[in-house]
Amino acid sequence: MAVNIKKNKPTAKLAKNSKLRNKYPIVRICLRANANNSLVTLTDLQGEVIAWSSGGKSGFKGSKKATPFASQKVTEEIIERARSVDANSVHLVIQGHGMGRESFLRAIQASNLQVESIKDRT
């Protein structure tokens, strides 16, 4: 009778072709803030998505997804992902008229990332 021995596996294992393994010194962070949710996307300069997050993905439900607090928490998650790909400079793109626009900018400012440009595509 064979005995199963549990192997120690790392908890967060990245795929071999994961974009989080690459290094991106300059990235673009896009915010789409509408009346119901805030969606934040981390892309490289060509527009390839590296990571994304939203109010619903962060655990907020219903009308709480559209609050400035939810937008701040989502932005902080994306900032952590940006740091994991060694980004130190960002271009910001803001779209929409939701309540999370200002808290998005405050979270970026508090993160000590260098802001190269801010575009408003509303």
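Predicted model: local features only at pLDDT ≥ 70, side-chain atom pairs only at ≥ 80, totals over all residues.

Q: Where does D86 sit?
A: D86 is in the loop between α1 (68–84) and β4.

Q: What's its phi like, positive or negative?
A: Positive, about 60°. D86 is not a glycine, though.

Q: Which loop holds N112?
A: The loop between α2 (101–110) and β5 (114–120).

Q: Is N112 buried or exposed?
A: Exposed. The relative accessibility of N112 is 71%, and the cut-off for exposed is over 50%.

Q: OK, step back. How many helices and strands in the protein chain?
A: Two helices and five strands.

Q: In what pattern along the sequence?
A: β-β-β-α-β-α-β.

Q: How much of the chain counts as buried?
A: 36% of the 122 residues.

Q: And contacts: what share comes from residues 24 or more positions apart?
A: 62%, taken over the contacts with a separation of 6 or more.

Q: Give me a case. Where is I94?
A: In strand β4. I94 is buried, at 3% relative accessibility.

Q: How far is I94 from C30, in sequence and in space?
A: They are 64 residues apart in sequence. From C-alpha to C-alpha, I94 and C30 are 5.9 Å apart.

Q: What does I94 touch, leaving out residues up to four places away?
A: L31, R101, F104, L105, I118, K119, D120, R121 and T122.

Q: Switch to S103. Which helix is it in?
A: Helix α2. S103 has a relative accessible area of 10%. The cut-off for buried is under 20%, so S103 counts as buried.

Q: And which residues does S103 touch beyond its sequence neighbours?
A: Leaving out residues up to four places away, P68, S71 and Q72. The C-alpha atoms of S103 and P68 are separated by 5.6 Å, and the two residues are 35 apart along the chain.

Q: Next, S38. Which strand?
A: Strand β2. S38 is buried too, with a relative accessible area of 2%.

Q: What are its contacts?
A: Setting aside residues up to four places away, S38 touches L31, R32, A33, S53, S54, G55, K65, S71 and G100.

Q: S54 is on that list. Where is S54 placed?
A: In strand β3, residues 49–54. S54 is buried at 9% relative accessible area.

Q: And what does S54 touch?
A: N37, S38, L39 and V74, again not counting residues up to four places away.

Q: Which elements give two or more residues to its lining?
A: β1 (26–33), β2 (38–43) and β4 (89–96). The largest share is from β1, with four residues.

Q: Name the lining residues.
A: R28, C30, L31, R32, L39, T41, T43, G47, V93, Q95 and R121.

Q: Last topic, rings. How many aromatic pairs?
A: One. The pair is F60 and F69, with ring centres 6.0 Å apart.

Q: Why is the pair called edge-to-face?
A: Because the planes of F60 and F69 are at 85°, and planes over 60 degrees apart count as edge-to-face.

Q: Which residue lies over the face of W52?
A: K57, at 4.3 Å from the ring centre.

Terms used: Residues numbered from 1 in each chain as written. Heavy atoms only, no water. 1 Å grid on protein atoms, 1.4 Å probe; cavity = no way out; pocket = protein on both sides within 12 Å on 5 of 7 lines; lining within 4 Å. Phe/Tyr/Trp six-rings, centres within 6.5 Å; stacked < 30°, edge-to-face > 60°. Lys NZ or Arg CZ within 6 Å of the ring centre and 35° of its normal. Buried < 20%, exposed > 50% of the residue type's maximum accessible area, 1.4 Å probe, protein only. Contact = heavy atoms within 4.5 Å.
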